[in-house]
Amino acid sequence: MRFFLVAVLSCLALPAVADVQAVLQDHVQPRIDRFAQETDELAEAASADCTATGLRPAYQDAFDAWMGVSHLSFGPLEDEGRMLAIAFWPDSRGMVARALSSLVADQDQIVRTPEGFAEVSVAARGLFALERLLYDDDFSGYGAQEYECTLVRAIARDLARMAAAVNRDWDDFAKTMLTAGQGGNTRFLTEREPRLALYTALMTGLEFTEDQRLGRPLGTFERPRPNRAEARRSGRSLRNVVLSLEALRDLARTLSATPIPRSEAAFDEALETARRIETPDLASVADPSTRIRVEALQQRIGDIRETVAAEIGAALGLSAGFNSMDGD
Amino acid sequence: MKRTMTAIALGMAASPALADKAAVLDTYADIAQAGYEDSLIKAQELKAAVEALLADPSPDTLAAARTAWLESRVPYQQTEAYRFGNAIVDDWEGKVNAWPLDEGLIDYVDATYGGATDENLYAALNVVANPAFTLSGVEIDASEITPALLEDQLHEADAVEANVATGYHAIEFLLWGQDLNGTEPGAGSRVWTDYALDDACTNGNCDRRGEYLQAATDLLISDLEWMAAQWTDDGEARTTLMSNEDAGIVAMLTGMGSLSYGEQAGERMKLGVMLNDPEEEHDCFSDNTHNSHYYDGLGIRNVYMGEYVRIDGSVVSGPSLSELVAEADADVDSALRADLNQTMIELGQIKAAAEAGFSYDQMLARGNAAGEDLIMSAVNALVTQTRSIERAVSALGLDQIGFEGSDSLDNPDAVFQ
């Protein structure tokens with residue numbers, strides 16, 4: 001009986017469909033603005049003091065801002081591979097350390113110009129390359145006169161440059177989303193397609209946090225992989241999970257024009273579960289007595305996905321499209 | 001291993017019963033069967049060439065084995081469009097085509113390769129040189145290199161995916177060796193004397209290296225035999241596909257979309273160019289990446305057009321997904337066909353440049369604008385076709401598809417309780 005209800009709902013255009021304009025105004029734009037601003041401040045901070053200890057606070061703020069937008073993986077962040085250049089993770093082949101070591105060993109002068117640095121491997125750019133330089137003992141002891149200082153400034157400036165470009169491009173892309181279905185719009189052929197893009201971003205973001213941010217360090221019970229936790233060197237692994245959930249909850253709220261009590265409850269449950277984890281770098285995955293809390297959090301995020309699919313996806317007649325993590 | 005758009009469709013009446021879905025699925029399964037049979041035939045030719053190499057190592061027999069490997073990739077890559085839509089293929093595929101690999105697990109490598117890493121303790125294990133070693137605390141007797149040793153103990157050892165001990169790319173490494181040219185032209189340059197059985201043997205353990213090559217080739221054949229059998233009339237892949245027509249059509253589109261976007265455009269092409277890393281080449285030892293990408297693209301097109309040209313030139317064809325979509329929405333169909341053709345043009349341009357001597361690893365070099373443009377044009381074409389594939393899913397009324405294992409699908413009541 002209820003099965004039938006789902007079918008009927010999904011075939012009707014409900015009045016409660018998401019207002020793309022509201023999502024752009026209330027969710028996308030303020031977050032993109034903030035990311036641009038925080039990376040700008042990071043670049044300024046780096047030019048004032050490039051040392052690891054001096055730059056860490058601005059780094060943390062910039063990363064927080066990134067967590068507010070990292071799920072917007074279509075459009076300006078997809079163009080030119082900016083996602084990868086801003087946040088190259090996971091790095092299953094140890095490319096970040098290798099790429100940075102090679103630049104440092106060669107004292108590669110490509111870091112001198114923004115145009116030159118934009119050509120460098122994404123493994124030596126973005127937040128994760130910067131994390132390695134600021135937090136890894138193998139790198140972080142450099143002085144203000146050393147090559148690493150120039151490299152740090154180049155990475156910070158490159159981040160600010162990309163964030164500004166993303167911010168600028170979103171102005172146009174927002175118009176493209178808002179003119180969906182109109183003549184000349186070849187990107188979004190129907191009004192439904194921008195909603196589908198946002199919904200896919202929501203579901204993909206949940207999946208990424210569940211499978212990658214938590215799944216990678218969890219590994220298996222016999223073989224946990226704490227060293228695979230995202231941003232563990234800067235102690236942000238758990239914080240990134242929490243901030244991603246908060247950003248995704250905000251997207252879910254703005255995407256649905258009607259209240260979403262079941263989804264709200266599922267997000268609350270997951271965030272509450274996250275609060276019981278005591279290790280910021282998720283090292284507790286390796287301790288059988290505390291590992292279970294991380295496993296529980298992962299399950300709660302799976303619950304969010306199912307609830308969101310039923311409560312928001314079904315109501316909007318949407319199911320997630322293909323995402324960039326399809327594949328292996 | 002993600003299948004976001006999973007092959008479970010709600011059995012709702014929204015999907016219009018126009019063309020004969022069963023006939024479209026028949027064509028799809030027939031192409032799969034022909035593709036895996038062709039892959040098997042070519043793998044048997046590879047085995048004959050490997051046996052000739054091991055019996056009489058020489059520059060000529062090594063070259064002949066390499067040629068057989070290159071030919072074997074043509075039909076196999078076209079089957080990759082079956083992978084993401086069909087769990088039975090995806091679960092099996094890792095044994096046959098896993099990549100990228102830490103090749104130091106298998107055989108000697110250059111000093112620049114480094115040793116064990118944080119991610120992989122066994123990145124430089126070198127089974128060819130070591131008849132006994134410890135893996136994850138277990139003593140392994142590798143005095144004889146057998147298919148069972150490769151499959152059961154070495155492959156994905158220590159649960160690390162880069163420990164690829166079997167399949168096409170392990171064989172590729174054994175035939176070509178490491179490509180040490182970076183982003184300069186040139187493939188791996190293993191010498192034939194790596195298989196010489198007397199004092200001419202280079203780099204040690206030639207007999208064990210030959211054993212490894214033989215075992216990996218035998219295993220490839222048994223794996224392909226198994227998969228070809230799954231697509232025969234009573235085979236599990238075919239019967240699963242046919243058991244639910246809407247789910248079957250979704251499997252076709254899922255395979256097309258997931259390979260186009262996340263796998264080929266993202267993981268295999270965009271990532272490599274953005275890392276400037278020649279090891280991110282799909283067929284890096286042999287410098288065959290341009291073909292690997294090209295035939296992946298062609299395989300996606302085969303699925304949609306319901307047509308496959310076999311290795312003997314004969315054609316397998318029948319009622320197509322394209323016809324089915326055209327009946328639902330002619331515009332969506334013609335746009336998707338145009339997109340698939342555009343992708344083949346872009347991939348063809350990469351292939352043309354590579355065959356003229358501008359190798360794929362050169363295209364990945366830092367600051368190589370021409371190479372980056374070639375690759376990114378193909379990436380963009382693949383992304384564009386993915387959107388058209390999503391529109392085809394909608395046009396067929398099949399977009400109420402949810403997540404694998406989701407309660408809302410397995411038990412639609414559950415989520416409203």
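Figure 1. Residues 29–304 of chain A have end C-alpha atoms 25 Å apart, and the span is 64% helix and 0% strand. Helices here are DSSP runs of H or I with at least four residues, strands are runs of E with at least two, and both are numbered from the N terminus. As for bookkeeping, residues count from 1 along each chain as its sequence is written, while chains are lettered from A and ligands numbered from 1 in the order in which they are written. Since this is a predicted model, local features need pLDDT of at least 70, side-chain atom pairs count only at pLDDT 80 or more, and totals for chains, interfaces and linings use all residues.

Figure 2. Chain A has 12 helices and 0 strands. Its C-alpha trace spans about 70 × 55 × 30 Å along the principal axes. Of the 328 residues in chain A, 53% are buried. Buried takes 20 or more other C-beta atoms within 10 Å of a residue's own, exposed takes 12 or fewer, and partly exposed is in between, with C-beta atoms placed from the backbone. Among contacts in chain A between residues at least 6 apart in sequence, 76% join residues at least 24 apart; a contact needs C-beta atoms, placed from the backbone, within 7 Å.

Figure 3. Chain A splits into domain 1 (31–168) and domain 2 (186–316), with bounds from an automatic or database domain assignment. The C-alpha centres of these two domains of chain A lie 25 Å apart. Across the boundary, 15 residues of domain 1 of chain A are in contact with 17 residues of domain 2 of chain A. On the domain 1 side, α3 (52–67) and α7 (126–135) of chain A each supply at least two residues. That side of domain 1 has 7 nonpolar, 4 polar and 4 charged residues, where Ala, Val, Leu, Ile, Met, Phe, Trp, Tyr, Cys and Pro count as nonpolar, Asp, Glu, Lys and Arg as charged, and the others, Gly among them, as polar.

Figure 4. Trp89(A) and Pro90(A) are joined by a cis peptide bond with omega about 0°. Pro90(A) sits in the loop between α4 (82–86) and α5 (95–106) of chain A. Glu80(A), in the loop between α3 and α4 of chain A, has a positive phi of about 55° despite not being a glycine. With 17 other C-beta atoms within 10 Å, Glu80(A) is partly exposed.

**Figure 5. Ala314(A) in its helix.** Look for Ala314(A) in helix α12 (residues 288–316) of chain A. Ala314(A) counts as buried because it has 23 C-beta neighbours inside 10 Å. Its C-alpha is 46 Å from that of Arg98(A), a residue 216 positions away along the chain.

**Figure 6. Helix α2 of chain B and its packing partners.** Helix α2 (residues 59–78) of chain B has 20 residues and reaches 30 Å from first C-alpha to last, close to the 28 Å expected at 1.5 Å a residue; the expected span is 1.5 Å times one less than the number of residues. Buried residues of α2(B) include Leu62(B), Trp69(B), Arg73(B) and Tyr76(B). The buried residues of this helix pack against α1 (21–55), α5 (168–176), α9 (289–305) and β3 (307–309) of chain B.

**Figure 7. Two loops of chain B.** The peptide bond from Trp99(B) to Pro100(B) is cis, with omega near -5°. Pro100(B) belongs to the loop between α3 (87–97) and β1 (132–135) of chain B. In the loop between α4 (147–154) and α5 of chain B you'll find Asp158(B), a non-glycine with a positive phi of about 60°. Asp158(B) counts as partly exposed, with 14 C-beta neighbours inside 10 Å.

How values were computed. Contact = placed C-beta atoms within 7 Å.
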